[in-house]
Amino acid sequence: QVQLVESGGGLVQAGGSLRLTCAASDVLFGQFGIVWFRQAPGKERQFVGGIKWDRGSTKYADSVKDRFIISRGDAKSTVTLTLHSLNPDDTAVYHCARARQRRRSCISSESASYSYWGQGTQVTVSS
């Protein structure tokens, strides 16, 4: 059973930064695309961004492009989401997820494309 664990959330003032980490128990983690979604209270789950299995391409939602950065950590079983220029609209629980398909050539923004999910980490941005 693959387990994903997010960490790094917290309370930050508008304009601040946070670094979230997704750690996996899966030895094949490096062969799967990893994405981040977020869900604010009363709102639908929203795609934030993702990184391909080969450390190559990344893809971001328009709302976070140029502010958020996704990278694979030096440790092969981690993916980091760095959030800059945060604003109150970024307040949500952030979840990482692993793709269903190994070595998929693209990053899907559809949650159904991902089979394993973490419990999430809360990010709260105060104005």
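The largest cavity is lined by 13 residues. Gly33, Ala99, Cys106, Ile107 and Tyr114 lie nearest its centre. A cavity is a set of points, on a 1 Å grid over the protein atoms alone, where a 1.4 Å probe fits but cannot get out; lining residues have an atom within 4 Å of a point. This is a predicted model: local features need pLDDT of at least 70, side-chain atom pairs count only at pLDDT 80 or more, and totals for chains, interfaces and linings use all residues. Residues are numbered from 1 along each chain as its sequence is written, and side-chain values use heavy atoms, with hydrogens and water left out.

**Aromatic rings**
- The structure holds three aromatic pairs (ring centres of Phe, Tyr or Trp, the latter by its six-membered ring, within 6.5 Å).
- The rings of Phe37 and Phe47 have centres 5.6 Å apart and planes at 75°, so this pair is edge-to-face (over 60 degrees).
- Ring pairs link Phe37, Phe47, Tyr114 and Trp117 into a cluster.

**Charges over rings**
- Lys59 lies over the face of Phe47, 5.9 Å from the ring centre.
- Arg72 lies over the face of Phe29, 5.5 Å from the ring centre.
- Such a charge has NZ of Lys or CZ of Arg within 6 Å of the ring centre and within 35 degrees of the ring normal.

**Thr80**
- Thr80 is buried, with a relative accessible area of 5%.
- Its contacts (heavy atoms within 4.5 Å) include Trp36, Ile69 and Ile70, not counting residues up to four places away in sequence.

Conventions
1 Å grid on protein atoms, 1.4 Å probe; cavity = no way out; pocket = protein on both sides within 12 Å on 5 of 7 lines; lining within 4 Å. Buried < 20%, exposed > 50% of the residue type's maximum accessible area, 1.4 Å probe, protein only. Phe/Tyr/Trp six-rings, centres within 6.5 Å; stacked < 30°, edge-to-face > 60°.
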